[in-house]
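Come and look along with me.

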Amino acid sequence: KSAAAEQGVINLVYRFPERFGSLPLKGEYFTSAPLGRLYDALAERLRNGQGISLAVLGERFSQEETELLTEIISHDETTASAAGNAMRDYIKIIQTEHNSASSDSDLREYAKRLKKTKGIGGKDVS
């Protein structure tokens, strides 16, 4: 579900850059590293007032990443009028997944600290 949302964000940013040039996302929020890199590249170019095109982006990425971008932007079923609602949904999914992953990581770290400082039965071992 998150990967589909990530692809949707990239697709909409590429197709409607004037509407989605500034989003509350970072590539590090993406569950797929290649998709995160693609998003960061699009966002950076738009922040700098530069155009986005497959030719320009293709110079920056590997052949596999360029092929992935080509695949993503070839899906254009979302209309301009529905793009805003779709983008809100995609952002919510990505942020929820990112926050969940961060929470899981925090819980794992907390459990490790407890294991180091507590003995069997909760008795302090220090």
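**Ground rules.** I am reading a predicted model, where local features need pLDDT of at least 70, side-chain atom pairs count only at pLDDT 80 or more, and totals for chains, interfaces and linings use all residues. Residues are numbered from 1 along each chain as its sequence is written, and side-chain values use heavy atoms, leaving out hydrogens and water.

**Entry 1: α1 and α4.** I looked up helix α1 (residues 2-15) and helix α4 (residues 63-73), and they pack at about 80 degrees with axes 9 Å apart. Helices here are DSSP runs (H or I, at least four residues), numbered from the N terminus. Axes are lines fitted to C-alpha atoms over the stretch in contact, with angles from 0 to 180 degrees between N-to-C directions. That makes α1 roughly perpendicular to α4 (65 to 115 degrees counts as such). On the α1 side I found Q7, I10, N11, Y14 and R15, which meet L69, I72 and I73 in α4; contact means heavy atoms within 4.5 Å.

**Entry 2: α2 and α4.** Helix α2 (residues 33-47) crosses α4 at roughly 75 degrees, and their axes come within 11 Å. So α2 and α4 are also roughly perpendicular to each other. From α2, I noted P34, L35, R37 and L38; from α4, E65, L68, L69 and I72.

**Entry 3: the core.** Which residues have the most contacts inside the largest nonpolar core? They are V9, I10, V13, F30 and Y39, in a core of 30 residues. Such a core is a set of buried (under 20% relative accessible area, 1.4 Å probe, protein chains only) Ala, Val, Leu, Ile, Met, Phe, Trp, Tyr and Cys residues joined through side-chain atoms within 4.5 Å. I saw that α2 gives the most to this core, with seven residues.

Terms used:
Helix = DSSP H or I, 4+ residues; strand = E, 2+ residues; numbered from the N terminus. Parallel < 35°, antiparallel > 145°, perpendicular 65-115°, else oblique. Buried < 20%, exposed > 50% of the residue type's maximum accessible area, 1.4 Å probe, protein only.
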